[in-house]
There are 2 protein chains.
Amino acid sequence: MNTVASQDSGSLIADARELGHLADVQIGPWEYRRFTRRFHAIPEGTAVFGDTFIWGYPRIARILRLANGIPAQFEQPFWVEEKIDGYNVRIFRHGDVVLALTRRGFVCPFTTDRLPDLLPVRIFDEHPEWVLCAEVAGPENPYNEGSPPFIAEDVKLFVFDIMQRGQPGFLPWRDKQGWLQHYGLPAAPQYGRFAIDEAPALAQLIRKLDGERREGIVCKEDSARDHRIKYVTGGSNINDIEASAASIRQLPPEFFMQRILRLGLFLEEHGLEPTATMKEALGDALLAGTLNAIRQYRECHKVTRRYRCRFRERAHAEWLIEFLERALGKGQVLVRRLEWEGTHYRLEFDKVLPKPTGLFSHVLGGGPVFD
Amino acid sequence: MNTVASQDSGSLIADARELGHLADVQIGPWEYRRFTRRFHAIPEGTAVFGDTFIWGYPRIARILRLANGIPAQFEQPFWVEEKIDGYNVRIFRHGDVVLALTRRGFVCPFTTDRLPDLLPVRIFDEHPEWVLCAEVAGPENPYNEGSPPFIAEDVKLFVFDIMQRGQPGFLPWRDKQGWLQHYGLPAAPQYGRFAIDEAPALAQLIRKLDGERREGIVCKEDSARDHRIKYVTGGSNINDIEASAASIRQLPPEFFMQRILRLGLFLEEHGLEPTATMKEALGDALLAGTLNAIRQYRECHKVTRRYRCRFRERAHAEWLIEFLERALGKGQVLVRRLEWEGTHYRLEFDKVLPKPTGLFSHVLGGGPVFD
C-alpha cells in the first residue's frame, strides 16, 4: 500500500529534509514529519508517520465564470457536490487512535478529540487503510471566522473523498459514494451528475444555493483523471467579508478585493443587479470591521478575535492551545475559559491579531506613515 | 547656486549612473537625466539639465490621527495649507522656455503647454532661479482619475512652495507667501498658523473641509527644520475609491483597503457614525467599478479609462502621447480625438489597463485560478 514509502522514500525524504521542505512536528503525544511545501509530486501538507505517507489534499482550482468555465475545464460529465465553508481535514487511523490532520498537515487536537461525536470511527476497524477527506464546519471551531448558516452551534463533519494511506488520489466517485452510504457517513450534499452542455441547469442550481446562503459547489469529472474545479455563490463572498471584517488589517488586502471581484463576476453572469441592501452590507462590513478593531485597540491595546470550541477531553484542549501558541507566537493566544459544562469541556480563547495591533499602536499614537 | 553641481556632482552622477539610478530622458525636444530612485541625499525625481539640478519634491508623511499626530510630529506652531487632490509639479525656466516636471522627474508636455494659461510665467524673468512647486488639479488632466469638486472643467494650478535651482529645501514660509501675494500667483488656500495645543480648532477646520468635499491639509512647522505632515478628510477616501473604482483591478488592493482604514480612523476620531448613505456609497463604488470593468471587457475585449485634456499647441499633445506610450507600452494608449475647438486643441485618449484586461480575458474565458 505504501507506494512512496517502499523503495525510494528514504532518499526522497533525505532530499526534502536537506532542502528544508520536511519538518519535524510534535503536537501532544504525536511525533511525525510534515512537508512544508510541494516537493516533486508530493503536495504540501503530506504527513509522514514512521514510513507511512498520508498524502496532502490537492489544491482545487476555482472558476469565476460558470458558463465558460465548465466547457473549458471538463471533457466528460461531472458530479456536483456542495462546497462547505469550513476547514479541510484528513482522518486516518494511527496505531490505536484515529487522528485528523489539517490541510497543512498538522494533527488537529480539536478535530481529533471530537471525531467520536462526528462520525462512526469503528469504520477504521474494517478499513484501516482509509483516509477520509472531510470539511469540518460550524460556529464553534478554533480556525475559521465564518460558518454555514445552517449549522447553529458546535461543528459538523462532511466527508467528500476517500484516500488510502501511502497513496495519492481518491477512490472512484461511485465507490466513495457507495461506502459513504453503506456506513451512513455524514457527507457533503450531492447534486447529481451533469453533462457539459447542462450549464443552464447548473446555473439554476447555483442560484438556488445562493438563495440558501450556501457556499458553492465542487465539480468532479466522471473519468479516470477525476479532474475537479470549484465555483462559489455571490453571497458567499459577502459572508466571507462580513465574517473576516474583524480581521480586516490582519488578512492581506487581496482577500477582500478578490471577493469583491468574485461577487461582481457572479452578479454579471447571472444577470443580477447589486441591490441597495447588498451595497450597504458590503460597505458596512468593511467599515464596521475597521471601527470595531480601532475601538478594541483603544479599550485593551490589542486587537483580538474570540474563538469557542467544545472538547471531550481536557488534554486535547491543552494540546490545541500549545499548538496554537507555537504557531502564532507566545502571548498571542489568551485562554479565557476552560471548564466542564454538561457534556463537554468548553474552551474559549482569544487570538491576538499582530498586524492590526501593531498598526493601531503606531497610528493612534500619532505616528507617521509614508504611502 | 548649483550647490550639488559645483564640486563633486561629477563623481556623484557617475556613481548613480553606474548603479542604474540615473536614467537618460527624452521627451519632445528635451533631453536630460532623472534620478529613478533616492540616491544618498538626492530624492527620486530629481532632474539634471546639463549640470543644473532640479531637486525632487520630498515625500511628506501622513498622520492618521490628528489629536495625537500633531503633538507627536511638531515642536513649534505650524502653518496649515489646503491639500489639493491633483498631481505635483515643479516649474522652472530652462533656457528660453518654462517647463513643468512631474513628481518622478518627467517633463510633462501637458502642464508645460498650459503654463501660460495657469500662471504669469513672466515671473521667471525676474526670478530665473526659482522652482515653483504646485498641484495641478481638475477633471481634464492626463494622469488623475479624481479631481476636486470645486473645479468644474479643465485644470487649475495651486502653488504651495518655492525651491531654487540646484538647491534642496524651500524658501521660508513667510518669504514664499510674500512672493505669492506680490505676484498674485494662484496658491493653495491658507488656513493660518496653529499652536500645537490647538488640535480642537484644527479638528473643527478639518470637519469643515470634509463637509466641503475637500481633500485635507498639509501642516508646515514654523521653524528652521520646516517639518511637514499631511492629514486628509474622511470624505476624500470615499472620493478616491469612487474615482478609482474603474481601475479596481489595476491598482494594488492595498490602495482601496488603505482608504477604508483611513475613513474608519477619521470617523472614530471625530465621533462620527458611518451613515447608511456612506456605507452604500462605499459598497456601490467597489461593486460598480468591478461590474463596469467586466461589461467593458465583454464589449471591447479591453478595460480602458478615458482621459481628456486641452492644449495650446498640437506638438505638446503629440509629445504627451509619445511619452505615455513609452511609459505604458505600445498599444496601451489609444488616441480618440485631437482637434482644435474654440480656444484649444482637445485631446481625448484611452489608457488600456493591462491587469484587469488580462484578468478578465482569463477568467471570463473560463480559465482556472488558484488562490
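This is a predicted model: local features need pLDDT of at least 70, side-chain atom pairs count only at pLDDT 80 or more; totals for chains, interfaces and linings use all residues.
Asp113(B) sits in helix α4 of chain B, residues 109-118. Helices (H or I, at least four residues) and strands (E, at least two) are DSSP runs, numbered from the N terminus. Asp113(B) is buried but has no salt bridge. Buried denotes under 20% relative accessible area, exposed over 50%, and partly exposed in between (1.4 Å probe, protein chains only). A salt bridge places a side-chain nitrogen of Lys or Arg within 4 Å of a carboxyl oxygen of Asp or Glu. The nearest side chain of opposite charge belongs to Arg114(B), 4.4 Å away. Lys and Arg count as positive, Asp and Glu as negative; His and the chain ends are not counted. Beyond neighbours within four places in sequence, Asp113(B) is in contact with Arg310(B), Phe311(B), Arg312(B), Glu313(B) and His316(B). Contact means heavy atoms within 4.5 Å.

Chains A and B share an interface. It brings 53 residues of chain A into contact with 53 residues of chain B. The area buried between them is about 4900 Å², with 65% from carbon and sulfur atoms. Buried area is the accessible area (1.4 Å probe) that two parts lose on being put together, summed over both. Between the chains there are 12 salt bridges. Asp371(A) and Arg62(B) meet in a salt bridge through their side chains (3.0 Å, N to O). Elements giving two or more residues to the chain A side include α3 (66-73), α9 (253-269) and α10 (276-300). The largest share, 14 residues, comes from α10(A). The chain A side divides into 29 nonpolar, 10 polar and 14 charged residues. Ala, Val, Leu, Ile, Met, Phe, Trp, Tyr, Cys and Pro count as nonpolar, Asp, Glu, Lys and Arg as charged, and the others, Gly among them, as polar.

Backbone geometry also deserves a note. Asp226(A) is not a glycine, yet has a positive phi of about 55°. Asp226(A) lies in the loop between β12 (216-221) and β13 (228-232) of chain A. In chain B, Asp226(B) has a positive phi of about 55°.

Key. Residues are numbered from 1 along each chain as its sequence is written. Chains are lettered from A and ligands numbered from 1 in the order in which they are written. Side-chain values use heavy atoms; hydrogens and water are left out.
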